[in-house]
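Please look over the model below before reading on. The text then moves from the whole chain to single residues.

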Amino acid sequence: LPIIIVPPKPTDIREVIRRGGFEIVHAHHAFTPTSLLSISAAEKLRIPSILTNHTIFIASSAKYVWVPASYILYPYRRYINKACLITAVSRAAAKFIEHFANGKEIIVVPNGVDIELFESVERNIQPEKPTILYVGRLAYRKGLQVLVRAMPFILKEFPNARLIIAGKGYMDGFIRMLIKTLNLEGNVRMLGFIPDEKLPELYASSSLFVMPSLYCESFGITLLEAMASGRPVIASNVGGIPEVVKDGVTGLLFKRGDAEDLADKIIKVLSDRSLAQSLASNAKELVKERYSWPVIADKMEDLYEKTLK
């Protein structure tokens, strides 16, 4: 995808919105210039607006850090408060943007998932080898290095286990070096970027999914994808993740950055087929009930109507 270095001119954004004849403007990502300029343009055109926050930063719940910072970053605070309504994808993301929102109520509307898409692949056939899947950017905060370091512990119990890594990023070279240093070349496969249409098949071919994030994880869409695919999930206890993964019910949580604890959780799921099936089944029911796109769309439509009124 192209990276926008210089945001559009405010007058250009305002003209696009004016010509469109829109009844409401919904901007995503509360700390990006284009989104905030869109909210400002809507205000000038007297069009109701909604701003959705997808972001949390380090120590996001620390008021002593972010309340003063929100005044230092006054332009963000000023533009954020031009929105008629602010939503967030998780309670963690809501708590963070509260520091900027002048006491406004923040409404949580989570991300959604296309359940039918991830149910479309045959899942009755189990992989020949215990297969651990990671899908996401190869960035330090995503914690893939922790998962790679967990592999030697896992291989002691499951010598034929394999780790499949789907994604790209600046940590690619480091991850490859780490794999080589730990003599894991025969047990780890890096696929690079995988198009969205190939993801259902990838989830279906795995035994379990891991999200080992270290910090700044406001939600985790890949968690929903794995859960919709009927795969047990293991994730770190950070950010908005515990809002989706209830430990021992819809997945397992491990201590952030702890490779041995992560390995123990993975071994536990791979060793106990009944547990794996229970976690996967509970997670799939949760996804259908709370995170399917029809459910999310209904919530958002209600907010549009209330905002217009």
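What follows starts with overall dimensions and ends with individual side chains.

This is a predicted model, so local features need pLDDT of at least 70 and side-chain atom pairs count only at pLDDT 80 or more, while totals for chains, interfaces and linings use all residues. Residues are numbered from 1 along each chain as its sequence is written, and side-chain values use heavy atoms, with hydrogens and water left out.

The protein has 14 helices and 10 strands. Helices (H or I, at least four residues) and strands (E, at least two) are DSSP runs, numbered from the N terminus. Along the principal axes, the C-alpha atoms fill a box of roughly 65 × 35 × 35 Å. For 309 residues, a compact globule would have a radius of gyration near 19 Å; the value here is 21 Å, which agrees. That radius is taken over C-alpha atoms, and the globule rule is 2.2 Å times the number of residues to the power 0.38.

Of the 309 residues, 52% are buried. Buried means under 20% relative accessible area, exposed means over 50%, and partly exposed lies in between (1.4 Å probe, protein chains only). Among contacts (heavy atoms within 4.5 Å) with a separation of 6 or more, 70% join residues 24 or more positions apart.

Now take helix α13, residues 273-291. Its 19 residues should span 27 Å at 1.5 Å a residue, and its end C-alpha atoms are 26 Å apart, which agrees. The expected span is 1.5 Å times one less than the number of residues. Which residues of α13 are buried? They are L275, A276, L279, A280, A283, L286, V287 and Y291. These cover an arc of only 130 degrees around the axis, which puts them on the same side of α13. The arc is that of the directions from the helix axis to the C-beta atoms. An α-helix has 3.6 residues a turn, so residues three or four places apart point the same way.

The face of α13 turned away from the buried side carries exposed R273, S274 and E289. The cover over the buried residues of α13 includes α6 (115-119), α10 (221-228), α12 (259-271) and α14 (293-308).

Helix α10 is mostly covered, with 7 of its 8 residues buried. They are T222, L223, L224, E225, A226, M227 and A228. After α10 comes G230, whose phi is positive, near 75 degrees.

Beyond its neighbours within four places in sequence, F209 contacts residues including L133, Y203, T222, L223 and A226.

Two single residues close the tour. A41 sits in helix α2 (residues 33-44) and is buried, with a relative accessible area of 3%. A41 and I17 are 24 residues apart in sequence, yet 7.7 Å apart in space, C-alpha to C-alpha. Leaving aside neighbours within four places, A41 contacts I13, R14 and I17.

N187 lies in the loop between α8 (172-181) and β7 (188-192). At 16% relative accessibility, N187 counts as buried. Not counting residues up to four places away, N187 touches M151, L155, P159, N160, A161, R162 and L163.
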